[in-house]
Amino acid sequence: MFVRWMLVLAACLALPWSAMAATEIEISAPGEQSIPLALTQFLPAQGPQAARVAAEINEVLDADLDLSGLFRFVSPAAFLDDAGRISLLSNQVNFPQWRMLGAETLIKGTYSVAGEQLVVEARLFDVVNRRLLTGRRYVGEVKDVRRMAHAFADLVLEALTGEEGPFSSRIAYISNLTGHPELWLMDVDGKRPIRLTNHRSIVLNPDFSPRGKEVLFTSYRANNPDLYRKEVYSGKEARLSYKPGLNVAGRMAPNEREIALTLSKDGNPEIYLVDISGRILKRITDNWGIDSDPSWSPDGSRIAFVSNRQGNPHIFIADIFTGKAERLTTQGKYNATPAWSPKGDRVAFSRQEGGRFDIYTIKTDGTDERRLTFGPGNSEHPRWSPDGRFLVYSLDKSGNRAIYVMRADGTGTRRLTTLESDCRHPAWSSRW
Amino acid sequence: MKVMQMLKVAMVVLFLFSGLIGCSTTPPVAPMDDQAKVSQADMSQKAEVKGVDDSSMKGEAVPSHDAVAGLERIQFDFDQFTLSEDARRILGENAKYLNANGGTQVVIEGHCDERGSDEYNLALGESRALAAKNYLVSLGIDAKRLSVISYGEEKPLVSGSTEEAWAQNRRAEFKAVN
């Protein structure tokens, strides 16, 4: 009875407090503000010390939160004794000590290892107001440690900005590590790469279904560029469109019932809508030139695509229902690989200028074009993170192409894949 | 300010409650607000991502068709699939060969140089192969004898990032269908 009472009371309390939190720490865009954050080493609560577990938690949190651009890290060298104390309660943390170091936010945590079992307790504190902002207890196995840390990084962003981070999602890409271009999947920090196909042919151009853990891609396995779909967990794979000629650039609609796809069966690359069994529902473009590489608007009413109908490759936007297309890009002579942002306001693309590709974004009304990369090397094939905070792309400045990530304003660039193989065509999943 | 006063009152109430519930020997009691904000997440995975088991899967190597000796490849300008004078002349010769060798089935491969987006180049390679096919058909070759495939920039003829290499890689090739 008392417990129920307390829960009700606690719920009432949580409301005004979280409302206050929203006004105290206000973040509008990555890079615009930086909150001083103290990220302490996670400590063993029970059971043996597991230095690798602690190191992985901190490595992941450090990388994810740094990439977010929201924080300025307080140097661990300056940490005082509270950093070494297992005190996860807001009435036990020595907040004045952290305040003295200039920290406004504080992450503390513990881990407990018992055999294969792992429990991680993670907390985010508001140092200024001496209170807990959010916390979670992650229960799983030792091998889940990185996923736990990514999940907490997502939670930290949610607590401070109102929008969850994308760090628990995955990135699909093409690598030729085995000698053939095959489909691979990795964490958003480039770790835990795993190969999903063994076609020993040419696999290209993956794209995730909007909600499912499923990838569309093109493969020459049957001696034609055909469209395949693959369920990531079951490993099930099916060839779903195999018309003569191109079956490329398949992109599942937000409703997951239709796929925009480039076919050349009528003698010219055109964009069609097909259902999930590959049956043609509708032709969207009808033009003498090349029409390819569609990207859905988040509401599923329009697609951005590439066409050379006015001479050079440019980005166009077509209405799915009327088929009416309007040109989006006006600058440059070669614009390609459009990617509609998850918020719907911008389209990212790559432009070749001076013999080199760089990444740009533009508002969907054709205004406010912004250049994000400035060489060296070719930056190509941008794709948005599910929250729109980041872009993943390929860059060849070090010989082989590698997958890179940056903030949506072009800052914070980092390489995700190793340089031992040619890596390209990244696609970012929705939240996993 | 009113909120703060409410909170203070609430905290006092909470403190009393927690005193009632917790017994004197328990470790420090979490402030209610802490408890309300900490939840639990089960991170154990129901399924693992299926990686490829090399031993159980068989993939076929990409079949490489042989070039037909009597059929010469044609070249294209950057980002173009229109046929040059030279290309038309070569296709005329190729048509003569195909007329003289009625049984030959041909797959026309369209290729691009490494510049440009992979995705767009797949379409461009297709348009190059189709342009060659359509011209041969216009010269009287049965369309049934001609198929097309685009490899985009996946199969360069020569490696290197020079004008010379790029020019050679922008091509349509004529391969025998076995």
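In the predicted model, the contact between chain A and chain B draws on 69 residues of chain A and 51 residues of chain B. On the side of chain A that touches chain B, the greatest contribution comes from strand E6, residues 131-141, which supplies 10 residues. Sorted by class, this side of chain A consists of 33 nonpolar, 25 polar and 11 charged residues.

Strand E6 of chain A also takes part in strand pairing across the two chains. Its partner is strand E1 of chain B, which spans residues 38-42. The two strands run in the parallel sense and are joined over 5 bridges. Within this pairing, Ala41(B) in E1(B) is the residue that stands opposite Tyr138(A).

Chain A itself is divided into two parts, domain 1 covering residues 32-161 and domain 2 covering residues 170-428. A distance of 36 Å separates the C-alpha centres of domain 1 and domain 2 of chain A. The contact between these domains takes 5 residues from domain 1 of chain A and 8 residues from domain 2 of chain A. On the domain 1 side, helix H2 of chain A, residues 51-68, gives the most, with 3 residues. By class, the side of domain 1 of chain A that touches domain 2 of chain A has 3 nonpolar residues, 1 polar residue and 1 charged residue.

Definitions and conventions. Residues are numbered from 1 along each chain as its sequence is written. Chains are lettered from A and ligands numbered from 1 in the order in which they are written. This is a predicted model: local features need pLDDT of at least 70, side-chain atom pairs count only at pLDDT 80 or more; totals for chains, interfaces and linings use all residues. Two residues are in contact if their C-beta atoms, placed from the backbone, lie within 7 Å. Helices (H or I, at least four residues) and strands (E, at least two) are DSSP runs, numbered from the N terminus. Ala, Val, Leu, Ile, Met, Phe, Trp, Tyr, Cys and Pro count as nonpolar, Asp, Glu, Lys and Arg as charged, and the others, Gly among them, as polar. Two strands pair if DSSP finds at least two bridges between them. Domain bounds come from an automatic or database domain assignment.
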